[in-house]
Structure formats: structure tokens, C-alpha cells
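The following paragraphs lead the reader through a single model, from its overall organisation to individual residues. Please keep the sequence and the coordinates in view while reading.

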Amino acid sequence: MVQALAGLALADVNPARPSDGTLRAEVVRFLASGLKTLVWPRAETSDDVNAIVASLARIAPDDLSVRLTVVGMTDHVVEAHGMEQACETCMYYLQRRRFCELPELMLPVEADWSCGLWRI
Ligand code: SF4
């Protein structure tokens, strides 16, 4: 039962939220259009992470371009300190759903994308 519920997209339990597919298309469109996100500096310390998370919490959930900008989202892998920081290796990435479950983000992402909050 719990596993079945965990596999549900938020849109399935919250009809006000766009489906993963709709959100994914919007995110792809923003990134493909050349949206300049804050890729650097990466969040290195807890204070860095907390600052970005606090910023995200102040942005309306539907203000997608600003959320992507603040978090430094890219549609390609970013290498920092000799490590490839891909979504697929991040602790927040849900592989089967291709989704970021960072509570302040909660967005469809792709395995070969990245953001400044990457954590192993
Ligand atoms: S927190 Fe992790 S999974 Fe989420 S977008 Fe950033 S790198 Fe990708």
C-alpha cells in the first residue's frame, strides 16, 4: 500500500497541481530557450544550501522560471571539484519517475541534468 502510494504522481493526489508531463514540458521549454540560471557558485556548505532553500521557499510554486534560476538548474551535467553533479547520482532523484523530490523543488528532471543543490 505504502509503495503504491509512493509511486503516485502528485497530480494524482492533488488535482490543482499540473501533471509531471505538463511540468516537464515547461521546464524543458525554459531551459531550451536559454534561461540563464545561477549555476555558479554551487552550494558547498550547509549555509549555502539553506540560503538557496530559503529563497525557493519564498517563490510561488508556479513561478517556474524563477525557481529554476535560483536553484541553478541546467539541462546538462555540471562538473564541480572533479565530480559530475548529475541528477541521476543525487540523493533527491527518483529514477523511475525522473523526478526531484527535494521538498522545496519537487519537479520532473532528467538523469543528465543538474542543479546547485546536488547532493550525493
Ligand atoms: S536536487 Fe538533485 S535531483 Fe534535484 S534537481 Fe538538483 S541535482 Fe537534480
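A residue is termed buried if 20 or more other C-beta atoms lie within 10 Å of its own, exposed if 12 or fewer do, and partly exposed in between, with C-beta atoms placed from the backbone. The model is predicted: local features require pLDDT of at least 70 and side-chain atom pairs count only at pLDDT 80 or more, whereas totals for chains, interfaces and linings use all residues. Residue numbers start from 1 along each chain as its sequence is written.

Confidence is described by pLDDT, the predictor's confidence in each residue on a scale from 0 to 100. Its mean over the chain is 90, and 88% of the residues reach 70 or more. Residues 1–12, by contrast, stay under 50. For that stretch the model has nine contacts beyond four places in sequence, a contact being a pair of residues whose C-beta atoms, placed from the backbone, lie within 7 Å.

Helices and strands are taken as DSSP runs, numbered from the N terminus: helices are H or I runs of at least four residues, and strands are E runs of at least two. On this basis the chain has five helices and five strands, arranged along the sequence in the pattern α-α-α-α-α-β-β-β-β-β. Of its 120 residues, 22% count as buried. Among contacts between residues at least 6 apart in sequence, 63% join residues at least 24 apart.

In general, an α-helix has 3.6 residues a turn, so residues three or four places apart point the same way. Just after H5, glycine 72 adopts a positive phi of about 75 degrees.

Helix H4 spans residues 46–58 and contains isoleucine 52. This isoleucine counts as buried because it has 21 C-beta neighbours inside 10 Å. Leaving aside residues up to four places away in sequence, isoleucine 52 touches Ala43, Val70, Val71, Gly116 and Leu117. Leucine 117 is 65 residues from isoleucine 52 in sequence, yet the C-alpha atoms of the two are 8.0 Å apart.

Which residues does glycine 116 touch, not counting residues up to four places away in sequence? They are Leu38, Val39, Arg42, Ala43, Ile52, Val71 and Gly72. Glycine 116 itself lies in the segment after E5, and it is buried because 23 other C-beta atoms lie within 10 Å. Its C-alpha atom is separated by 8.5 Å from that of valine 49, 67 residues away along the chain.

The sheet comes next. Strands pair if DSSP finds at least two bridges between them. Three strands form an open sheet in the order E3-E4-E5, with antiparallel pairing. Strand E3 (93–94) and strand E5 (107–108) stand at the edges with a single partner strand each, so one side of each is left without a neighbour in the sheet. Strand E4, residues 99–100, pairs with E5 over two bridges in the antiparallel sense, and phenylalanine 99 has proline 108 of E5 as its bridge partner.

In the loop between H3 and H4 lies proline 41, joined to tryptophan 40 by a cis peptide bond with omega of about -5 degrees. Histidine 81, in the loop between strand E1 (78–80) and strand E2 (83–85), has a positive phi of about 55 degrees although it is not a glycine. Histidine 81 counts as exposed because it has 7 C-beta neighbours inside 10 Å. Methionine 106, in the loop between E4 and E5, likewise has a positive phi, near 50 degrees. With 15 other C-beta atoms within 10 Å, methionine 106 is partly exposed.

Finally, the ligand is surrounded by 13 residues, of which the closest are Cys87, Cys90, Cys100, Cys115 and Trp118. A residue is near a molecule or strand if its C-beta atom, placed from the backbone, lies within 6 Å of it. The shell divides into 12 nonpolar residues, one polar and no charged. Here Ala, Val, Leu, Ile, Met, Phe, Trp, Tyr, Cys and Pro count as nonpolar, Asp, Glu, Lys and Arg as charged, and the others, Gly among them, as polar.

Notes:
Contact = placed C-beta atoms within 7 Å.
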